[in-house]
Each structure stands twice: as C-alpha cells, then as structure tokens.
Amino acid sequence: MRRLLRRALPGESGTRIEPVEEGGEHSTWWVGTRYVLRFALDESGSRRQRRERVLRDAIRSRLAVRVPTSVASGEWAPRLTYTIDTRLPGVSAELQPVSPAGERDLAQLLTGLRALSAEEIAGLGLPTAPPRPLDTLRKAAAAAAARLTADGELDGVADGAHRPPLRTGAPARPTPPTPPAPVAVVHNDLKGEHLLVADSGRVCGVLDWTDAVLGDPAEDIAGLSISLGAPAAIRAATHAGYGPPVCRRALVLARYDTLIRLADRLYGTDDSPLSLLRTQLARAWRTTPLDTTTPTGSGTPTTDIRDDPPA
C-alpha cells in the first residue's frame, strides 16, 4: 500500500493507513482523514469497480446527496484494480438516526436514479437484474419463520411491529405476475453502512455503488426498510413518486430477506453480526400504513407468509 500511495498520491505516502472495520466485502482502508483506498480482490470485483466509477461520474450532478470521487485508480496486481476515493463526511446510518429532512434526501436519491434517460442508462454498461420471484422467496421465508417462531426468536420483535405471520393451510392463490422489465438504476445494496448521515440527521453521502444494476427499484426501498425501518423507507419512496404496488413489494422483499438471513445466521453458514440481523428484522417488520390497508388489484403482494403465494 505504501508503494501504491507513493506512485498514485505522492503527497500521502507517509499518511497513516487504517482498515475500515464496518463491512467486509472489500479490502478497504482509511488513508488519513481525506481518502479511502479500496482494492478489488478478484476480476469480477475489478469489473464492478470500473463500472462504479463511470456510474458515480454520471449521476453526481443529478443527486442531492454526495457520492465519492475517485482521485486515483489503476491496477494493484494484474487484472485487479484499486481506487482511491475522497472520504465523505458523516457516519453510518447504523450509528446516526435519519431525520425527516434526511428522508427527503433519500427520496431525492430515488427520484434522481429513476429519472436517468434511456440514453444515459445505455452508456453506463450496467448489468440487468430481473425482479426476484416472490413465490420462491416466500417458501424460504416461511420455513425460516417456522423455525424462528419455534425457538422464540420472533417473540416481541419490536414495539409497534407488524409481527411476522405464519399461517398454513390457506387456500391457494394465483402467483402474482412478474413486474414489467426493469428501467431504474438501482444501488442494490442500500445498507446502513453505505449511508452517511450528518449530526443533523441529513443524508450527506451514499457509498459503494459496485453492486448497481438496472433492475427492480423495490430492492432499494427494501434496503432502506432494513436500514432505517419500514415506515421511513415507505415515506421516502412515496415522496419519490413510487406507488403502493412498488412499496408493498419492497416490504415483502425486506421482510422475507430478514427472516431468511436471521435463520441462516442461526442455523446455517452466515457469519453476519447476530445483533445487527435481529435489529434489521425488527426494522423491516415495523408497521406502516400499507399494513392497515387492503391491497387492490391483481399482483399486489401482501406481507403474509403462508403456504400459498402472496397475491
């Protein structure tokens, strides 16, 4: 790293370097107080890092929240890339609550991403990700909920929570139709660690765009649900112009995912922090106005987990 810094940023070659503790998907290091050094660890990661730099440059002027700027980049080993990015202010959303003004910042983020034109999107080179099938997720979530319920993991999820239901033997319902082809740029990993929040509660930065795709915008709303809580996510999505069908799908994704991930941590191979997974489940299952209204129209999923596909 010292040799790389002497070559890429000569003025920073003697600066203190420390590992970034939060998140484990990249080899990421603080370079003093001004920069972040990120290594891609395989060729797939290198491709995603190159796409990320193109995407960030394309959307920077379109968003109210900040995204990092790469001040140096290249290869640290054959076909393995690095980038040195500006360090943005703020702390993880896991450490600082988001205020109502911060929710509006997130609404503008969602609005800016969906407003990119087809011509702009074509120049980004993003992969297309089809919407995830809810019936497949539902089966995995029902199995997870059954085991978690038996072990008391879902008792008292949180005050004011919409308790994960587990109902079996219900009459079969038709599987909801697949949503239209995706047209929105999706960050695809809007976890708390990737949202930087100021002391005021405003969202001042969004990190790590390496997983961005052209896909289902409900995925980003689901990410906000597990990071901030379902009510805040739905408020931000509604301000961004997304209607109940997309918001309900986001709730389903978030709630199914949190059940599956917690079960995998307790009974499988996931090594994520247990306390974080429990917190994320409680956030995703907080009651929203959508939980107290009756869905209308075919293809609108509910948040129930049952033997039949959600309608």
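Biologist: At roughly what angle do the axes of α7 and α8 cross?
Modeller: This is a predicted model. In it, helix α7 covers residues 230-239 and helix α8 covers residues 244-267. Their axes come within 10 Å. They cross at roughly 150 degrees.

Biologist: Which relative direction does that give α7 and α8, roughly parallel or roughly antiparallel?
Modeller: Angles over 145 degrees count as roughly antiparallel. The crossing is at roughly 150 degrees. That makes α7, relative to α8, roughly antiparallel.

Biologist: Which residues of α8 does α7 meet?
Modeller: The α7 side of the contact consists of Ala230, Ile234, Ala237 and Thr238. By class, the residues of the contact, both helices included, are five nonpolar, one polar and one charged. The partners in α8 are Cys247, Leu251 and Arg255.

Biologist: Against which helices do the buried residues of α7 pack?
Modeller: Buried means under 20% relative accessible area. In α7 that group is Ala230, Ala232, Ala233, Ile234, Ala236 and Ala237. Ala230, Ile234 and Ala237 also belong to the contact with α8. The buried residues pack against α3 (100-114), α6, α8 and α9.

Biologist: Which residue just after α7 takes a positive phi?
Modeller: Just after the helix, a phi of about 100 degrees belongs to Gly241.

Biologist: How is α6 placed against α8, roughly parallel or oblique?
Modeller: The axes of α6 and α8 are 8 Å apart, and the angle is about 55 degrees. The crossing is right-handed. With roughly parallel set at under 35 degrees and roughly perpendicular at 65 to 115, α6 is, to α8, oblique.

Biologist: How many nonpolar residues has the contact of α6 with α8?
Modeller: From α6 come Ala218, Glu219, Ile221, Ala222, Ser225 and Ile226. They meet Val246, Arg249, Ala250, Leu251, Leu253, Ala254, Thr258 and Arg261 in α8. By class, two are polar and three are charged, and the nonpolar residues number nine.

Biologist: How is α6 placed against α9, roughly antiparallel or roughly perpendicular?
Modeller: Helix α6 (residues 218-228) and helix α9 (residues 274-284) have axes 6 Å apart. The angle is about 115 degrees, and the crossing is right-handed. That makes α6, relative to α9, roughly perpendicular.

Biologist: Which residues of α9 make the contact with α6?
Modeller: α6 contributes Ser225, Ile226, Ser227 and Leu228. The contact has three nonpolar, three polar and one charged residues. The α9 side is Gln280, Arg283 and Ala284.

Biologist: Which strands stand at the edges of the five-stranded sheet?
Modeller: The sheet is open and antiparallel, in the order β1-β2-β3-β5-β4. Its twist averages 25 degrees from one strand to the next. An edge strand has a single partner, so one side is left without a neighbour in the sheet. The edges are β1 (17-19) and β4 (70-77).

Biologist: Which residue of β5 stands opposite Phe39?
Modeller: Strand β3 (residues 35-39) and strand β5 (residues 80-86) pair in the antiparallel sense. Five bridges join them. Opposite Phe39 stands Tyr82.

Biologist: Which residue in the turn between β4 and β5 has a positive phi?
Modeller: β4 and β5 run antiparallel, joined by six bridges. Ser70 has Asp85 in β5 as its bridge partner. The two strands form a hairpin with two residues between them. The phi of about 65 degrees belongs to Arg79.

Biologist: At about what angle does α2 run to β5?
Modeller: Helix α2 covers residues 43-59. The helix lies across β3, β4 and β5. To β5 it runs at about 35 degrees.

Biologist: Which residue of β8 stands opposite Ser92?
Modeller: An open antiparallel sheet of three strands has the order β6-β8-β9. Its edge strands are β6 (91-92) and β9 (203-206). Two bridges join β6 to strand β8 (residues 195-197). Opposite Ser92 stands Leu196.

Biologist: What share of the residues in the protein chain is buried?
Modeller: The chain has nine helices and 10 strands. Among contacts between residues at least 6 apart in sequence, 73% join residues at least 24 apart. Of the 311 residues, the buried share is 48%.

Key: Residues numbered from 1 in each chain as written. Predicted model: local features only at pLDDT ≥ 70, side-chain atom pairs only at ≥ 80, totals over all residues. Heavy atoms only, no water. Axes fitted to C-alpha atoms, helices over the stretch in contact; angles between N-to-C directions. Helix = DSSP H or I, 4+ residues; strand = E, 2+ residues; numbered from the N terminus. Contact = heavy atoms within 4.5 Å. Nonpolar A, V, L, I, M, F, W, Y, C, P; charged D, E, K, R; others polar. Pairing = 2+ DSSP bridges. Buried < 20%, exposed > 50% of the residue type's maximum accessible area, 1.4 Å probe, protein only. Left-handed = near helix turned anticlockwise from the far one by under 90°.
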